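Colleague: Can you walk me through the side-chain contacts in this one? I'd like the pairs first and the surface after that.

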Amino acid sequence: MKKYNLLKTLGIFFLVLFALSWIIPVGSYSGSEFSKGTTDPVGLFDFFRVPLITLSTFFQYGLVFLAIGGFYGVLEKTGVFSPFVERVAKKWKGKECKFLVIVMVVLGLIASLNGLTIPLFIFVPFLVAVILLMGFSKLTAIGSTVGAILVGMIGSTYGFNAAGYVYNFLKLDMNNQIATKIILFVMLLFLLVMSVTKQAKKELEVKRTKKKESVSETKKKGSKKEASKEEVVVIKEEVEIPFYDPKSKSKKSAVPMMIIVVLLVAFTLTAMFNWMYGFKINFFQELHTSLMDVKIGNYPILANILGNVSQIGYWGYYELSALLVIASLLIGWIYSLKMKDIVDSFFEGAKKMLGVAFYVMICNIIFAVLLNSESGNLYHTMNNFLLGLTKSFNVVTTAISALIGSFFYNDFYYLVGGLSGMFEAKFDANTLPVIGLAFQTMYGLAMLILPTSMILIAGLRYLEVSYKDWMKYIWKFVLSIFVIIMIVLVIASLFV
């Protein structure tokens with residue numbers, strides 16, 4: 001039953017929502033005015049209806065992970081991916097922890113500046129393969145990749161999917177509280193690096209000890225040749241790496257693969273970042289209009305060739321999935337794969353990610369209940385109660401409300417957007433930057449521990465790590481950064 005650990009955890013969270021829906025009445029805001037309604041309980045029939053609604057509503061997220069799996073399936077088929085992973089791991093031999101630090105800093109920084117977490121998962125299968133081949137545990141692999149991305153979300157500086165939403169909904173300047181955000185991001189990333197590398201060093205030491213004991217034991221039983229064989233067997237048994245084939249020994253250059261992967265991610269992060277709403281940059285909008293207006297006679301040649309393509313800055317997950325398919329075809333063509341092999345390997349790779357895609361969709365089940373509620377919102381009732389505990393703005397109750405809200409909303413857009421009108425009407429404008437910071441940081445913190453976090457659930461399911469093991473691994477770090485965030489928020493509130 002360990003295989004269904006994550007599903008059971010999600011079921012428990014859904015049962016919590018089920019119980020709350022029978023106890024807490026729903027409510028809604030009109031400006032600062034709160035209207036309290038009656039309870040809107042989740043019924044028994046909803047236990048079967050809501051999961052189906054969830055899968056259909058959030059299909060685009062699952063499609064992205066299937067496309068990522070397909071992309072890596074093609075990479076594996078070229079025979080170039082696995083030898084490249086081995087070369088990277090070998091190059092950093094003896095400097096494994098430095099590699100982890102670089103990974104965490106780069107992923108955290110990109111996430112902080114850009115805010116797009118799911119597209120960064122394109123890097124995860126490769127980085128995880130290298131990290132596991134180095135001898136680290138699956139938990140270390142998740143902590144140094146997914147963990148770093150989520151820390152970047154907590155300390156979002158210019159990321160549109162976090163700081164950008166605060167900026168737009170609360171009508172703030174993008175540089176508001178930027179010094180505080182930078183300081184917070186640096187502190188949290190430093191703590192993550194210290195936490196992950198501390199555990200990683202222990203894992204390396206355990207691995208070296210086991211390796212010595214294994215070689216010593218086999219030497220007693222037979223020749224050095226037999227000892228060498230036994231050592232290889234032990235290492236292979238310890239490492240189970242998705243999309244990695246230790247038998248692949250292709251000597252083809254990995255440079256084309258590297259170029260395509262880097263360009264793929266760079267273009268994705270550019271195309272999915274809303275430059276107009278983030279920085280008032282309309283260059284891509286003008287470029288798109290100019291390209292679509294290119295005509296031969298009266299015939300819009302580029303508009304018809306390209307089809308219904310969104311302008312850069314407005315790309316979504318369907319466009320990302322299409323781009324991954326195109327990149328897969330390009331990789332296959334460059335490495336001289338037959339079309340049948342490209343298609344077969346793509347579907348084989350997507351098949352490996354089928355479980356990940358399912359969990360990424362179904363982890364939105366609590367959010368789906370709120371989205372489909374027509375009579376109000378029970379979180380708004382809880383928020384109104386918490387904010388009403390004090391006569392004026394209180395950063396502690398605001399932070400707690402944001403943390404609770406993240407249980408219901410795993411999409412930050414809806415969390416902060418649903419309350420932005422109330423914040424503007426109820427509180428002084430000087431407090432809005434702190435409110436935005438509280439919601440951004442608490443939301444990111446919640447995504448590190450809640451099984452409704454799409455990128456977290458994707459990482460756990462990808463490596464088949466239980467939610468319980470993850471919590472045992474991360475709880476000290478989460479508690480530490482919670483204390484730091486609260487201290488920073490309290491200090492920031494003193495200057496409003």
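What follows is a chat about ring pairs, cysteines, salt bridges and a surface patch.

Modeller: First, the ground rules. This is a predicted model, where local features need pLDDT of at least 70, side-chain atom pairs count only at pLDDT 80 or more, and totals for chains, interfaces and linings use all residues. Residues are numbered from 1 along each chain as its sequence is written, and side-chain values use heavy atoms, with hydrogens and water left out.

Colleague: Fine. How many aromatic pairs are there in the whole structure?

Modeller: The search finds 42. Rings of Phe, Tyr and Trp (its six-membered ring) pair if their centres lie within 6.5 Å. Planes under 30 degrees apart count as stacked, over 60 as edge-to-face and the rest as tilted.

Colleague: Give me one. How are the rings of F121 and Y462 arranged?

Modeller: Edge-to-face, because the planes are at 85°. The ring centres are 6.3 Å apart.

Colleague: And where do F121 and Y462 sit in the chain?

Modeller: F121 is in the loop between α6 (117–120) and α7 (124–133), and Y462 is in helix α25 (residues 454–462).

Colleague: Is F121 buried or exposed?

Modeller: Buried, at a relative accessible area of 0%. Y462 is buried as well, at 8%. Buried means under 20% relative accessible area, exposed over 50%, and partly exposed in between (1.4 Å probe, protein chains only).

Colleague: Another pair, please. What about F160 and F273?

Modeller: Their planes are at 70°, so that pair is edge-to-face. The centres lie 6.0 Å apart. This pair also links distant parts of the chain, 113 residues apart. F160 is in helix α9 (residues 160–169), while F273 is in the loop between α12 (255–271) and α13 (275–279). F160 is buried at 9%, and F273 is buried at 3%.

Colleague: Which ring does the charged end of K95 sit over?

Modeller: The ring of W92, 5.4 Å from its centre. The rule is NZ of Lys or CZ of Arg within 6 Å of the ring centre and within 35 degrees of the ring normal.

Colleague: Switching to cysteines. How many disulfides?

Modeller: The count is 0. A disulfide is a pair of cysteine sulfur atoms within 2.5 Å. As for burial, C97 is buried at 15%, and C363 is buried at 1%.

Colleague: Now charges. How many salt bridges does the search find?

Modeller: It finds 6 in the whole structure. A salt bridge is a side-chain nitrogen of Lys or Arg within 4 Å of a carboxyl oxygen of Asp or Glu. Side chains of opposite charge can pair when their charged atoms come close.

Colleague: What is the R49 partner?

Modeller: D46, with the closest N and O atoms 2.9 Å apart. Both are in helix α2 (residues 46–57), 3 residues apart, so about one helical turn separates them. R49 is partly exposed at 37%, whereas D46 is buried at 15%.

Colleague: And K171, which residue does its side chain meet?

Modeller: E424, at 3.4 Å, N to O. K171 is in the loop between α9 and α10 (178–221), and E424 is in helix α23 (residues 420–426), 253 residues apart. K171 is exposed at 62%, and E424 is partly exposed at 32%.

Colleague: What about E464?

Modeller: E464 forms a salt bridge with R461, the closest N and O atoms being 3.9 Å apart. E464 is exposed at 60%, but R461 is buried at 18%.

Colleague: Last topic, the surface. Which residues make the nonpolar patch?

Modeller: V396, I400, W475, L479, V483, I487, V490, I491, L494 and F495, over about 970 Å². Patch residues have over 30% relative accessible area and no salt bridge; like charges are joined within 9 Å, nonpolar side chains (Val, Leu, Ile, Met, Phe, Trp, Tyr) within 5 Å. Areas come from the Shrake-Rupley method with a 1.4 Å probe; for residues, only the protein chains shown count as cover.

Colleague: Which element gives the most?

Modeller: α26, with 6 residues. The elements giving two or more are α21 (395–408) and α26 (467–493). F495 lies in the segment after α26, and F495 is exposed at 70%.

Technical notes. Helix = DSSP H or I, 4+ residues; strand = E, 2+ residues; numbered from the N terminus.
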